[in-house]
Amino acid sequence: MIPEKEYDIIVIGAGHAGVEAALAASRMGMHTALFTIDMDKIAHMSCNPAIGGLAKGQLVREIDALGGEMALATDATGIQFKMLNARKGPAVRALRAQADKKAYSAYMTTAVENQAHLDVKMAMIEKITMSDNRVDGVLTQTGTFFKAKAVIVATGTFLNGTIFIGLQAFPGGRSGDMPSVKLSASLQALGLKIGRLKTGTNPRVDKKTLDFSKFIPQPGDAIPVPFSFSNKIISQPQMLCYMARTNLATHKIITDNLDKSPLYSKTNKMITGIGPRYCPSIEDKVVKFSEKTSHQIYIEPEGRDTNEMYLNGLSTSLPREVQLAYIRSIEGFEKAEIMRPGYGIEYDFVPPSQINHTLECRTLPGLFLAGQINGTSGYEEAAAQGLVAGINAVKKIRGEAPFLPDRSEGYIGVMLDDLVTKELEEPYRLFSSRAEYRLILRNDNADIRLMAYGKSFGLVSDESYNRMLRKKDFFATQSKLFENTWLKPDAVINNMLSSIGSAELTAPVTATQLLKRPEVFYSDIKKILPMAETQPEDFEEYFETSVKYEGYIKNQYDLIERFKKLETRQIPATFDYSKYSGFSKEAVEKLVKLRPPTIGIASRIQGVSPADLSVLLILMEKEDRPDK
């Protein structure tokens with residue numbers, strides 16, 4: 001076939017994964033094409049127009065540190081910002097922002113359309129083509145061939161998607177958009193196994209029809225914190241969100257109509273895909289938590305210039321008339337009008353045991369998968385995968401070593417490792433609890449951890465990188481100052497300590513020792529210790545957290561160093577697990593299927609026990625010494 005045009009990299013899908021993949025590849029100098037079914041819905045937020053949250057906020061900060069766009073887009077279009085868990089430990093603090101849905105999409109559309117080396121094209125891709133046992137391009141619905149050295153598939157929920165509203169079902173990648181059916185068949189024809197997952201969306205109601213006097217206002221932070229390390233402040237005004245609660249009448253309407261649900265109907269159950277356990281539908285909540293008399297609902301604006309209000313907590317696939325009935329049973333919603341009903345959607349995905357840590361398919365060189373096609377949920381998880389896929393596709397073409405972030409370096413590393421080594425039983429979502437080193441994977445230090453990578457890829461500007469270096473210098477100079485500064489008991493210091501409920505000094509202490517008290521903060525010590533000019537808040541937060549948790553942080557780094565000796569031990573690609581009798585049958589099955597490259601990765605595979613690892617280490621030692 002003669003191609004209409006040749007590219008280095010083709011990206012299929014312009015959602016959150018596709019946008020980050022295309023921007024990364026083109027910014028690294030590759031001639032890139034981004035294909036989308038609808039040019040007007042680039043980076044469209046099909047579900048809640050919000051970015052961040054627990055663990056997800058850290059992920060967005062990491063995307064920013066590596067040179068991605070999501071944090072900048074959120075800072076520019078956010079309408080409410082909050083630091084979650086602000087009163088808890090630093091390991092679980094996370095940023096979240098409500099975004100203006102249309103403005104966010106417009107921002108990302110401008111970013112991709114004005115990016116050098118990047119063409120944005122509207123077309124339905126129906127086939128991945130191969131030559132010489134590697135991917136070489138794509139075919140569109142009209143039979144047009146575009147050639148490429150690598151292809152990144154970032155199709156979201158569009159692969160063979162089916163939308164459900166009650167017992168009505170119709171094809172759709174999301175409401176109002178056609179699904180991609182033939183591309184799913186093409187992936188299967190290439191030998192990839194396909195699975196089925198389910199997710200849902202929430203109804204949107206008309207702001208004019210709500211009684212806000214009956215809701216509890218949920219304001220954002222008085223001084224909002226930006227997502228991007230390159231932004232100093234959020235200058236645009238914030239909007240209020242609100243909270244309401246369901247009631248027993250709401251629950252009765254739902255339970256009385258479960259037979260009209262494609263999930264629960266006993267006579268016509270239509271959805272077979274597995275849904276997200278941590279973002280259940282209101283039907284699931286009412287059925288599985290029947291002892292609860294109410295559930296929270298957050299009423300969130302979809303943007304500054306729209307009356308659409310998103311009802312966070314009411315994900316559903318019940319019929320429209322049932323949705324309207326149970327919504328109107330909630331206080332403040334008595335006259336509510338639905339602008340868009342919620343719906344369920346079932347779609348194809350590729351179980352991620354078929355990809356490696358670079359997000360390249362194990363058996364299809366040059367084919368990368370990113371986002372919900374890998375079984376994940378959430379804009380942030382998708383964007384991070386897109387960024388990694390874009391970087392690694394470039395490195396593949398250049399013949400360079402891939403980017404493989406470790407679990408100890410970022411939530412991105414945790415996510416990639418989890419996807420590759422664990423059997424996916426439901427849509428994957430990041431949580432702080434998934435990260436064993438979460439105290440060092442904090443919101444405040446993502447730039448320190450990852451920005452050197454972003455700079456080496458050419459994705460981080462000199463200005464941003466130099467800012468990170470100043471932050472490191474600030475930490476070094478402040479550490480020295482605090483260690484060498486002795487504070488003696490006097491009226492000024494003791495009055496300050498008394499005012500914040502801290503014990504007065506009876507003997508001299510260093511400033512470091514004083515800062516380690518839980519109730520003493522950097523801002524308190526600034527009042528009594530001569531300081532240089534005021535530094536950015538994240539500089540001070542990074543220093544304060546590092547001092548307060550120094551012992552715990554050191555313990556985690558010690559654990560990382562000890563484990564790395566095992567983590568990096570290479571397993572020969574030709575190691576024949578089946579010829580040895582010391583492994584469990586499940587371990588042999590998983591090890592042969594996943595072919596872990598190192599002992600560390602093997603240790604995290606479900607079904608591989610410590611006993612199996614011991615056998616593996618002994619056998620590797622024997623193979624290293626053929627005389628034995």
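Axes here are lines fitted to C-alpha atoms, for helices over the stretch in contact, and angles run from 0 to 180 degrees between N-to-C directions. The model is predicted, so local features need pLDDT of at least 70, side-chain atom pairs count only at pLDDT 80 or more, and totals for chains, interfaces and linings use all residues. Residues are numbered from 1 along each chain as its sequence is written, and side-chain values use heavy atoms, with hydrogens and water left out.

**Stop 1: H12 and H16.** Select helix H12 (residues 462-484) and helix H16 (residues 537-548). Helices are DSSP runs of H or I, at least four residues, numbered from the N terminus. The two axes lie 10 Å apart, at an angle of about 45 degrees. Now show the contact (heavy atoms within 4.5 Å). H12 residues in it include Phe474, Phe475 and Phe482. H16 brings Phe539, Tyr542 and Phe543, among others.

**Stop 2: H6 and H8.** Move to helix H6 (residues 248-256) and helix H8 (residues 320-328). Their axes are 8 Å apart, at about 165 degrees. H6 and H8 are therefore roughly antiparallel. Thr250, Ile253 and Ile254 of H6 meet Val322, Ala325 and Tyr326 of H8.

**Stop 3: the cores.** A nonpolar core is a set of buried Ala, Val, Leu, Ile, Met, Phe, Trp, Tyr and Cys residues joined through side-chain atoms within 4.5 Å; buried means under 20% relative accessible area, with a 1.4 Å probe and protein chains only. The largest has 100 residues. Helix H9 (residues 379-398) gives the most, with 10. Select Ile128: its contacts include Ile12, Val151 and Leu367. A second, separate core of 22 residues includes Ile254 and Tyr326.

Notes. Buried means under 20% relative accessible area, exposed over 50%, partly exposed in between (1.4 Å probe, protein chains only). Helices (H or I, at least four residues) and strands (E, at least two) are DSSP runs, numbered from the N terminus. Angles under 35 degrees count as roughly parallel, over 145 as roughly antiparallel, 65 to 115 as roughly perpendicular and the rest as oblique. Lists of a residue's contacts leave out its neighbours within four places in sequence.
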